[in-house]
Every structure is written in C-alpha cells, then in structure tokens.
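Here are my notes on this model, as numbered points. Please read them beside the coordinates.

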Amino acid sequence: MVRFGYKKYLLKQAQPGPWEYHSEVLTSQSPQEICANLIRARLLEHLPHEVPYLVTQKTVLWEEGPAGELQIVQNLEVPKERYVKMLIGHHGQVVSKIATEAGYDLMNAFLCDVQLKLSVQLKE
C-alpha cells in the first residue's frame, strides 16, 4: 500500500476553475443562519442530548438599533411542556445563560454590539 499525505492527495484531486465566491467572502451563510447556528451550539452545550435537536428557531426581530447595535429576538419552540421547563430552567437561568453566551458569540461574529433576546414557546 502506497501512503502519501493528505496535501498531496488533495493537490492531485484539485481541478482548476473559477472561484465560486469573491476572495473577501468569508462564508456563504446568511447572518440569520450564523445566528441560528451559534444559538444551536449553545443549546447543545447546556441541554440534555435530545432537547436541542427538537428546538425550532424562528426570528421575530432582526434590526439595527439607533447606535448601530444589532437587536435580535428569537423564538425557541419545543414540542413538549417538559422541554419548555428544561430550556427555561429554574427562574429562567438556563435560557438566560444561553442568550448571554450566544450574544457574546454573535458580537464576535458580527463585530458589533448585539442585544439578543430568546423566548421559549410550546410548539403548536
């Protein structure tokens, strides 16, 4: 068996062609997709295994505030009442911690102040 490095393999497989995106484009995701993925990452970090996979996110508000800050309100919908309780946590501590941490992640991603509000609802 002949072994060679991944770099050599990739260079051998690469095909010349035009770039799909301009060199200044960092990602093909929309800002809303980036937001949803950062929130989902925090949900995965703070909740039991099956719960984050059942959460549906819906953007309620996405606008720039008067001082240039980004104001985001995101609904987190879950199918069962017990998941609502898990997500909210005792006195709202779980959802508050997720919102705070995801807000910092969004500030780093968008390089501006972000005011993130998460609300938890039972899916109808």
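1. Confidence comes first. Within the chain, helix H1 (residues 6–13) has the lowest confidence, with a mean of 84, while S2 has the highest, at 97. Helices (H or I, at least four residues) and strands (E, at least two) are DSSP runs, numbered from the N terminus. The chain's mean pLDDT is 90, and 95% of its residues reach 70 or more. pLDDT is the predictor's confidence in each residue, from 0 to 100.

2. Ground rules. This is a predicted model, in which local features need pLDDT of at least 70 and side-chain atom pairs count only at pLDDT 80 or more, while totals for chains, interfaces and linings use all residues. Residues are numbered from 1 along each chain as its sequence is written, and side-chain values use heavy atoms, with hydrogens and water left out.

3. The sheet. It is open, has three strands in the order S1-S2-S3, and its pairing is mixed. Strands pair here if DSSP finds at least two bridges between them. S1 and strand S3 (114–122) are the edges; each has a single partner strand, so one side of each lacks a neighbour in the sheet. On average, neighbouring strands are turned by 15° against each other, direction ignored.

4. Strand S1 (residues 56–64) and strand S2 (residues 70–78) run antiparallel and are joined by eight bridges. Leu61 has Val73 in S2 as its bridge partner. The hairpin of S1 and S2 has five residues between the strands, and Gly68 there takes a positive phi near 90°.

5. S2 and S3 run parallel, with nine bridges between them. Glu77 is bridged to Gln121 in S3.

6. Helices on the sheet. Helix H2 (residues 31–46) lies across S1, S2 and S3, at about 130° to S1. H4 lies across S2 and S3, and runs at about 155° to S3. Axes are lines fitted to C-alpha atoms, for helices over the stretch in contact, and angles run from 0 to 180 degrees between N-to-C directions.

7. The helix pair. How do helix H4 (residues 81–88) and helix H5 (residues 93–110) cross? Their axes come within 4 Å and cross at roughly 60°. H4 and H5 are therefore oblique to each other (under 35 degrees is roughly parallel, over 145 roughly antiparallel, 65 to 115 roughly perpendicular, the rest oblique). Met86, Leu87 and Ile88 of H4 meet Gln93, Val94, Val95 and Ile98 of H5, where contact means heavy atoms within 4.5 Å.
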